[in-house]
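Hello,

Here is the structure I promised to pass on. Have a look at it first, and then read on for what turned up.

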Amino acid sequence: MDKHYSHLPIEEKWYQHWERSGAFKSEVDRTRQPYCMVIPPPNVTGMLHMGHVLNNTIQDILARTKRMQGFNVCWVPGTDHAGIATQNMVEKALRADGVDPDSLSREEFLKKVWEWKDKFGGIIIQQLRKLGSSCDWDRERFTMDEGLSHAVLQTFVDLYHQGLIYRGKYIVNWCPALQTALSDDEVDRSEEASHLWHFRYPLSDGSDHLVVATTRPETMLGDTGVAVHPEDERYQHLIGKFIRLPIVGREIPIVADEHVDPSFGTGCVKVTPAHDMNDFEMGTTHNLEFIVIMDRTAHMNEQVPEMFQGMDRNQCRKAVVAEMDRLGLLEKTEPHTVAVGRCYRTKDIIEPYLSEQWFIRMEGMAQRALVPVQTGAITFYPDRWVKTYEHWLTNIKDWCISRQLKWGHRIPVWYCPEGHQTCAVSEPVDCATCHSPQLTQDEDVLDTWASSWLWPFSVFGWPDTTEDLKYYYPTTTLVTAADIIFFWVARMIMAGQQFMGEVPFRHVYFNGIVRDLEGRKMSKTLGNSPDPLDIIREYGADALRFTIVYQTPFGADSRFSAESCDLGRGFCTKIWNAYRFVDMSFEGVTADENWMDAPQDLVGRWILSRLSATVTQVTEEIEAFKLANAASTIYNFFWGEFCDWYVEFLKPAIREADDAAKAALLGRTQFVVDACLRLLHPFMPFVTEEIWQSMQAREGALLGAQTWPKCPESWLDIHADQAMDLLQSLITAIRGVRKSNNLPNSAELSLVIDADERMSALVREIEPQIRFLGRIYEIGALGGRDVEQGWVPLALTGLNAYLDLRGHLDVEAEIEKIDHKLQKMEKEIQGLESRLGNENFVARAPEEVVAKCRADLESLHGQRHTLLQSREDFLQMGSR
C-alpha cells in the first residue's frame, strides 16, 4: 500500500471495475428475496447538487448493505423529462443563438429539444457515478422513452373512460412567465406586505354607494358583482340592487353569499369570477358573467377600457388606483399583509385565471391512499410526516394535469369539427362519435408528475405484465425529500393502488434539506451551494459521502460546508494508516486462520466483544434509517477503540509474542479489520475496497459481494468490557495529569490504588497494560495508609487512585502558575458579581443571559476552590 491515500485514481479504478464486472446488476431470481428501490428521477437537464448527494448516498448505503445481507438488490436509475424546466432551457439556448422559439413549428421545436437532451441530458447520471452510486445502469429509464410514454398515455385513456379525467373551464394557477397552468402543489405560498384599497361603488340609481375593500385593484375591471354576507344587517336593504361599476360603467348586481367575511374590510367584496377562486364559486352560484381581462402574459386585453389595454397587471394596478382617486372614489389606502402564490420554478406571481384545462378527480383515490399509511402497510420515517400526508389528502382538490407546453406527453384526445372528443393511446382513424375523419389533437401536454407518479411500476414494463414487474413490484424502500410528499409520494401511492391494486413501496424515508452553515437553503442565487464534483476532486467521494451522512440527523436538515469534509477525509486517512501500521507490524507473518480455536487474552476478548456490539448496533441503526447514528457508531469503534486502544495494545503483544502467537494475533486483527471494512463499505466504498483487496489475493472477489458481518452472541463479554473501560479511564487520567503538569512521557511514575477486592482484582488483570501505556514503574495499594502530600488524585468513578509526583515537579513553578490562574480568575469573578449585582441588568437582560452568568460564576467559584486546594498541597510539599 502507498504511504498516502490518493482518492482520485482509486475511485476511478474501482468504479470502472465494479461496473464492468456487473456488480450492481440484478436479474429475476425467485430463490432470493428482492430489495428494490427506484431513484427519485432528477431532471434530465439537471446537475448534481448537495441535495442529490445526500439523497443518493442514503440510497446507496441501503443498496450496498442489503446486497451484503444477501438480498437481490435492484436500484433503478433514470431521469425525468421535466417539461417546464427543459423547455425553458431550450428556449433560452435558442434565443442565445438568435432563434425565436415561437417561430418554430411544434415538430421543429421538439426536434431541438431532443437534440438538446441527447447532447446535455443525462450529465447528472454520469455525476452520480462519481459519487459511487451502485445503480443497475442497464435499467436506466427516461420518462419520455417509448415504454414509459406508452404507460402514461394508457393511464390517461383508462382514467378518461372511467370518468376520472374531465375537461372544463375552471380557475387555475396560471404562471404568466411560463404561460401555463400549474397544480396547487407547484405554487409556493407566503405572506407579503401590500395594501388594502377602499373604493366607492355607486348604486345604479344614484341613491347611495357601497365601499368595497380589495387587495387587487386591477381586477375591478372584470367585476361582475358585489357580495355581502346574507346575515350582515348593514346591507340587507341593498341585496338585489345594482351597482354602476366605476371606470367601466357596467351594471352589476349586489348578491348575498356566505363566502363573504363580514369582518374583512367593509364587509362588501367585489366579485371577479374569472380571476379569483372564491369569486369563481360565487359567480357560478349566482350566475354572474365571467370576463377574462388579461391575456396569457398577464397583460390587460380588449375586455377592459382602452386606456388600460396592453398594460401589465402591475402597471394597471397603479393606473386604476390613480383613476379612482381622480374620480373621487378612492376612500382610503392602508397597509395590509396578503397571501401571495408564486410559481415554484420562475417565482413569478401566480394569476388565478379562467381557462379550459384537463383534471383528474382525486377524492376517491385520495381516500384510498390514506388507508395504507394509517394502517402501517406503508411506514413513514420519521413518522411525523404522517400528519402532513393526512392533512393534504383530506383537503385535496382535483389535479390540473394539462400544461400549455410543447415538451411533454401530448394529451391523447382528438377533436372533430363537431367538437366530439376521441380518447385513444394512438391516433384514431375517425371520430368515435360521428366517425368524421377530420381530427385535431389537443395542443396541451401532461403535467410532468403525470408520468413520474407511475415510476415504481412503469420502469418494470407496465402496462405489460412482465416477469420484472411480478418480481420487483411492489418496491421495498423509497428515499426522497419531504418537499415532494404531495407532488410525488402521495400520487405514487394513488397510482399503485389504482393501476396495480397494491401500494408501490413498504417504507418511505424522508431525508432533510442540506443547508449552509447559517441555516439557509442552498441555492445558486445565494451562491452558497458548493459544487459536489469540486468537493469530490479535493476531498474524495468517500469523504463527502461519510461527512454528509454523519452530520445529518435522522429525518432532519443538516448544515454543510465543503470544509466540513475534513471529517470524512481525516477518517479515510485514519483507516488507511491503521491498516498500513498493521500490515507493517506483522511483516513476514502469515495469519493463523484458526486463531479462534485458541483461548483469547483480555484484550482479545474485549475487542471481539466490542466488535460484536458494534455490528449489532450498526445493523439495527441502518435498518431504522438512522444512518448518522450508524456512521457515528462505526467511527467511534474504529477510531476510538480499535485505533486508539487496540492498536496500542498490539505493540507490546507483538514484541513479546513467538511466531505462533504472532500468527494468531494477526489472524484476530485481520478479522476485526475485515469486519470493520464490511461495516464501512456502504458508507465509504472506495477506500474500503482498496484496503480489502490489499489484505490478500482475492481472485476477482469484491468487498461489496461479501456477507454482512455477524458475530456470535457469546463474544459479548461484560467482564472484559468493564476491565478495559477501567484501563482506558486510568490511562486517560494518567495522561491528563502528565499533560497538566508538563511531565514528559519518559517520566516513570508510581500509582497507588485504593479499591475494594473486585476493583483491585480488575486492576491486577490489566496491570501489564497500565505499566506499558501509563509509563508506570510501580503499582501499590493504599492499604491503611494516609494519602501523602504530592500524590495527585485521578478523576475516576468507582475507584480512588493517586499518582506520586514527588520528585517530578518544580513546586515553586507550579505555585506560580496557580497564582497566575487565580489572579485572572478573580477578575472574571469580580466582573460577573458586578453584573449580577446590577438590578437593571438582572431585570432587563434576557433570562437565558442572566442564567448563564450565574452558572459561569458558580463554575468559577468551583474552579477557584480546586486551585486553592492544589496550591495548599504544593505548599505542603515544599515545606517537606
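Leaving aside neighbours within four places in sequence, which residues is leucine 751 in contact with? Taking contact as heavy atoms within 4.5 Å, they are Leu730, Ile770, Ile776, Glu778, Ile779, Gly780, Leu794, Ala801, Tyr802 and Leu803.

A word on the basis: this is a predicted model, where local features need pLDDT of at least 70 and side-chain atom pairs count only at pLDDT 80 or more, while totals for chains, interfaces and linings use all residues. Residues are numbered from 1 along each chain as its sequence is written, and side-chain values use heavy atoms, with hydrogens and water left out.

Leu751 also belongs to the largest nonpolar core, which has 209 residues. Such a core is a set of buried (under 20% relative accessible area, 1.4 Å probe, protein chains only) Ala, Val, Leu, Ile, Met, Phe, Trp, Tyr and Cys residues joined through side-chain atoms within 4.5 Å. Helix α19 (residues 627-656) gives the most to this core, with 15 residues. A second, separate core has 37 residues, including Phe199 and Leu210.

There is also an open sheet of three strands, antiparallel, in the order β8-β7-β13. Helices (H or I, at least four residues) and strands (E, at least two) are DSSP runs numbered from the N terminus, and two strands pair if DSSP finds at least two bridges between them. The edge strands are β8 (209-214) and β13 (330-343). β7 (residues 187-202) pairs with β13 over 13 bridges, and aspartate 188 stands opposite arginine 342 in β13.

Best wishes

How values were computed:
Buried means under 20% relative accessible area, exposed over 50%, partly exposed in between (1.4 Å probe, protein chains only).
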